[in-house]
Amino acid sequence: MFAGESGSGKSFICSGNIVKNAQDKGCQVVLFDSENALDEQWLQALDVDTSPEKLLRISVSMIDDVAKAISEFIKDYKANYGDLEYDDMPKLVFVVDSLGMLLTPTDVDQFNKGDMKGDMGRKPKALAALVRNTVNQIAPFPIALVATCLLYTSPSPRDRG
């Protein structure tokens, strides 16, 4: 997990350096973009191979969509490669940029109603479940999970005036 404030380089490190390095080591990369900021030109400028056989970019907005996609990838992976020896299995890296920007159904419903009171704790629980389930599912395979999370800082008491 790479967490930090906006502009701290999280996407640069994960989507640039880690993805490029993973590709250089023969890994297939699945990149979930919840910020709609990882365009092909920017990735190519970082020497990331954006060809479909090396990088699958998926635009997402909901935690549930990421969970479903990862679950389907792992199910297919097990069906296709589960009988192979570990060293013979293809290497795969999931990158989620950014966990903090993912929404819950409650977020969307409240936004549509013009009600911005928040999701009452569902989002942290859903994100924890996403990470916990993914880590448990990928543990027996040469699959990695990398994620970014935007941190929001609140002003210190002296900055509030």
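**Notebook: the sheet and what packs on it**

I began with the sheet: 5 strands make an open one, in the order E1-E5-E4-E2-E3, with parallel pairing. Strand E1 (2-4) and strand E3 (55-59) are at the edges with a single partner strand each, so one side of each has no neighbour in the sheet. Strands here are DSSP runs of at least two residues, helices (H or I) of at least four, numbered from the N terminus. Two strands pair if DSSP finds at least two bridges between them.

The model is predicted: local features need pLDDT of at least 70, side-chain atom pairs count only at pLDDT 80 or more, and totals for chains, interfaces and linings use all residues. Residues are numbered from 1 along each chain as its sequence is written, and side-chain values use heavy atoms, leaving out hydrogens and water.

Next I looked up E2 and E3, which pair in the parallel sense over 5 bridges. Asp33 stands opposite Ser59 in E3.

Then I went to Thr148, which sits in strand E5 (residues 143-150). Is Thr148 buried or exposed? I found Thr148 buried, at a relative accessible area of 1% (buried is under 20%, exposed over 50%, partly exposed in between, with a 1.4 Å probe and protein chains only). Leaving aside neighbours within four places in sequence, Thr148 is in contact (heavy atoms within 4.5 Å) with residues including Met1, Lys10, Cys14 and Gly100.

Last, I checked Val66: leaving aside neighbours within four places in sequence, Val66 is in contact with Phe32, Val60, Val96, Leu102 and Leu130.
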